[in-house]
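Here is a friendly walk through one protein model, written for someone who likes to keep the side chains in view. Have a look at the structure below, and then we can go through it together.

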Amino acid sequence: MNQFENLPPIKWALVHPRIAAWIVLSLGMVILLVIEASDVGLQAGQWVALIVATVLVAGLCIWIVSWEDVDDSAPADPLDTGEIEQVVLDDTADSASAS
């Protein structure tokens, strides 16, 4: 597995996972589009519009899926951040200074 990680495209994909996923998903979607719409008789401008729309939809899909990546990095429990302890300590200091 380490041999594959040293290949330049794989190394780039590990550094830029969302862009790599967008490229792979776009390629798959465009290939399916070409296969399914090849006998429809579309003009060149229509092909370009469909391919651009397909690439944009693939990017939107990757962007929406990446929303969950952000949630994983945030702490699930607000008690883990230490903010509540700080508030309690601040309230205790305020009441001690007022007395």
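Thr54 is found in helix H4. What is Thr54 in contact with, leaving aside its neighbours within four places in sequence? The partners are Met29, Val30 and Leu33.

Before going further, please keep in mind that this is a predicted model. The protein averages a pLDDT of 82, and 69% of the residues score at least 70. Among the elements, H3 has the highest mean pLDDT, at 96, while helix H5 (residues 83-98) has the lowest, at 58. Where pLDDT is low, the predicted coordinates should not be read in detail.

**The overall picture**

The secondary structure consists of 5 helices and 0 strands, so read from the N terminus on, the order of elements is α-α-α-α-α. Of the 99 residues, 11% count as buried. The protein exposes about 8,000 Å², and carbon and sulfur atoms supply 68% of that area. If we take contacts between residues at least 6 apart in sequence, 51% of them join residues at least 24 apart.

Ser26 has its place in helix H3. Is Ser26 buried or exposed? Its relative accessibility is 8%, and because the cut-off for buried is under 20%, Ser26 counts as buried. Leaving aside neighbours within four places in sequence, Ser26 is in contact with Val55 and Ala58.

Val24 also has its place in helix H3. With a relative accessible area of 59%, Val24 is exposed, because that value is over 50%. How many residues apart in sequence are Val24 and Ala58? They are 34 residues apart in sequence, and 9.1 Å apart in space, C-alpha to C-alpha.

Here are the accessibility values for the residues discussed in this report.

| Residue | Relative accessibility | Class |
|---|---|---|
| Ser26 | 8% | buried |
| Trp12 | 39% | partly exposed |
| Trp67 | 46% | partly exposed |
| Val24 | 59% | exposed |

Trp12, Ile19, Ile23, Leu27, Ile31, Leu32 and Ile35 make a nonpolar surface patch of about 690 Å². Which helix gives the largest share of this patch? That is helix H3 (residues 17-37), from which 6 residues come. Trp12, another patch member, is found in helix H2 (residues 8-15). At 39% relative accessibility, Trp12 lies between the 20% and 50% cut-offs and therefore counts as partly exposed.

**The tryptophan pair**

A search of the whole structure finds 1 aromatic pair. Trp63 and Trp67 form this pair, with 5.2 Å from centre to centre and 80° between the planes. The arrangement is edge-to-face, because the angle between the planes is over 60 degrees. Both residues lie in helix H4 (residues 44-73), where they are 4 residues apart, about one turn of the helix. As for Trp67, a relative accessibility of 46% falls between 20% and 50%, so Trp67 counts as partly exposed.

Definitions and conventions. Residues numbered from 1 in each chain as written. Heavy atoms only, no water. Helix = DSSP H or I, 4+ residues; strand = E, 2+ residues; numbered from the N terminus. Buried < 20%, exposed > 50% of the residue type's maximum accessible area, 1.4 Å probe, protein only. Contact = heavy atoms within 4.5 Å. Areas by Shrake-Rupley, 256 points an atom, 1.4 Å probe, with all protein chains shown as cover. Patch = residues over 30% accessible without salt bridge, like charges linked within 9 Å, V, L, I, M, F, W, Y side chains within 5 Å. Salt bridge = Lys/Arg side-chain N within 4 Å of Asp/Glu carboxyl O. Phe/Tyr/Trp six-rings, centres within 6.5 Å; stacked < 30°, edge-to-face > 60°. pLDDT = per-residue confidence, 0-100.
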